[in-house]
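Please keep the sequence and the structure in view while reading.

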Amino acid sequence: YYFNLAEFLRIFAHAIDISDKSPSTATRILFLIQNIKTVVIKHYLRQFFHDHIPVFGLLASFRILSDQDRGLSSSHLTYLIHACGRNAGSNVPFKAKEWIPDQCWLNCIHLSEGFSAFNSLLESVSKKEAWKVWWEREAPELDALPDLIHLDIFHKLMLFRALREDRMMTVLHMLNTEVLGEAYSHQQNVFSDIEELSTVGTSSMPLIIVFKLGFDPAALILNVAKRKHITVEAVTLAKAHKGVILSLISKGEVNGSWVMLQNAHLALDVLNDIENAISKTDCNTKFRLWVTTEPDEAFPISFLRISAKSMVQPPVGIKNTMQMLAFESTSEEIIGSSDAQKWFKTFYTVCYTYCIIHERSKFGAVGFSHPYDFEVTDWNTTVSYLRDHVVDQDGKEEDV
């Protein structure tokens, strides 16, 4: 995770330019703060893998809340990471209720001793049976607290860290959504924002797509280019000669086509020559250089400094997976053909089936008796078969 300062300054200035105007200085400042937060955070969320987005959201939310005089300090953030971090000793207050696990009781002691908002926590948990009912619920974050109703969302997260660690990620999502608003709620669809990234980038700024094994972003890039009626020259970096690559870049800078260099992690030494080749500014503004790569610690930092990047990985959930598949596989030719209705009905059925199979595979033997890796190639083969038998039937009316 290396972030380009020049890219940040450009996004920051863009957020200021598109903010609502107001004759009132106070109102104008409020508009600026809200819009800068939304634009900047939304832009950088696409540069994290799914597993790391909640952590980035927590750090951003903590910083925002700290600037609002909420009484937060680094000790609050440290508690979320380590909680109690100690074993029971002779000076620990007697556990009044047997239903409370020992570690949860120690966490509560730490909260009551270290943070003024929880001064009455031990007494309340010891005396009120409603805490047991709340603790045993499947989703206690949806119910009101039995006590300590004055707690804000961040302190509630600390309470869940103490008593219901299993629901902490759900509450963390609620915290990030409340503090970051639209910027965070948009993050579930960031994986498909290739088109937006092509708009954010410039002809002199490479666009890096970092993907994880088993997911190929090339189809997304090709689909965006097709919608924009732009030609794409795609080569595998490890197989193409350096002279051929530089020639393609030079041609793209002149005619405004896109160049896609695939699997850069297999030939990182070539990137230094590519960096020198795209450092000029007198080229076609439509030109984009796409570089796809898996995460690699040896990736040149100098190349990252001049680039914008996006993390792309298989989407989470059936809805998001279906959205991505539809984005990849539905072309203008299909939409405008006489077989469009038949295509969409069949496509939806196959798409839904594939998503179910893909989601169930995460459960291993519980999902299937024989494990099988359902990759993008399976989907591409299926869609290709559909196109041959649905779209290319030369006017035949037979059902599929």
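Predicted model: local features only at pLDDT ≥ 70, side-chain atom pairs only at ≥ 80, totals over all residues.

Is Ser124 buried or exposed? With a relative accessible area of 6%, Ser124 is buried.

**Ser124 and its surroundings**

- Ser124 is found in helix H6, which covers residues 121–127.
- When residues up to four places away in sequence are not counted, Ser124 touches Trp131 and Asp147.
- Trp131 also belongs to the largest nonpolar core, where it is one of the residues with the most contacts.

**The nonpolar cores**

- In soluble globular proteins, nonpolar side chains tend to be buried together.
- The largest nonpolar core in this model has 48 residues.
- The residues with the most contacts inside this core are Leu111, Phe118, Leu121, Trp131, Phe154, Leu159 and Leu175.
- Helix H8 supplies the largest share of this core, namely eight residues.
- Phe154 is in contact with Leu58, Phe62, Leu65, Leu72, His76, Leu80 and Leu175, leaving aside its neighbours within four places in sequence.
- A second, separate core has 29 residues, among them Ile209, Val232, Ala308 and Tyr354.

**Salt bridges**

- The structure holds nine salt bridges, and three of these pairs are described here.
- Lys132 forms a salt bridge with Glu136, and their closest N and O atoms are 2.6 Å apart.
- Both Lys132 and Glu136 lie in helix H7 (residues 130–136), at positions four residues apart, which is about one turn of the helix.
- Lys132 is partly exposed, with a relative accessible area of 28%, and Glu136 is likewise partly exposed, at 46% relative accessibility.
- Glu141 forms a salt bridge with Arg167, with 2.5 Å between the closest N and O atoms.
- This pair links distant parts of the chain, 26 residues apart: Glu141 is in the loop between H7 and helix H8 (153–163), and Arg167 is in the loop between H8 and helix H9 (168–180).
- Glu141 counts as buried because its relative accessibility is 12%, under the 20% limit.
- Asp273 forms a salt bridge with Lys242, the closest N and O atoms being 3.4 Å apart.
- Asp273 is partly exposed, with a relative accessible area of 29%, and Lys242 is partly exposed, with 38%.

**Cysteines**

- How many disulfides does the structure hold? The structure holds zero disulfides.
- Cys104 is in no disulfide, and the nearest cysteine sulfur, that of Cys108, is 6.8 Å away. A disulfide would require the two sulfur atoms to be within 2.5 Å.
- Cys104 counts as buried, at 12% relative accessibility.
- Cys355 is also in no disulfide, and the nearest cysteine sulfur, that of Cys351, is 4.3 Å away.
- Cys355 counts as buried, at 1% relative accessibility.

- Which residues make the nonpolar surface patch of about 290 Å²? The patch is made by Tyr348, Tyr352 and Ile356.
- Tyr348 lies in helix H18, which covers residues 340–360.
- Tyr348 is partly exposed, with a relative accessible area of 49%.

Methods. Residues numbered from 1 in each chain as written. Heavy atoms only, no water. Buried < 20%, exposed > 50% of the residue type's maximum accessible area, 1.4 Å probe, protein only. Patch = residues over 30% accessible without salt bridge, like charges linked within 9 Å, V, L, I, M, F, W, Y side chains within 5 Å. Areas by Shrake-Rupley, 256 points an atom, 1.4 Å probe, with all protein chains shown as cover. Salt bridge = Lys/Arg side-chain N within 4 Å of Asp/Glu carboxyl O. Helix = DSSP H or I, 4+ residues; strand = E, 2+ residues; numbered from the N terminus. Contact = heavy atoms within 4.5 Å. Core = buried A, V, L, I, M, F, W, Y, C linked by side-chain atoms within 4.5 Å.
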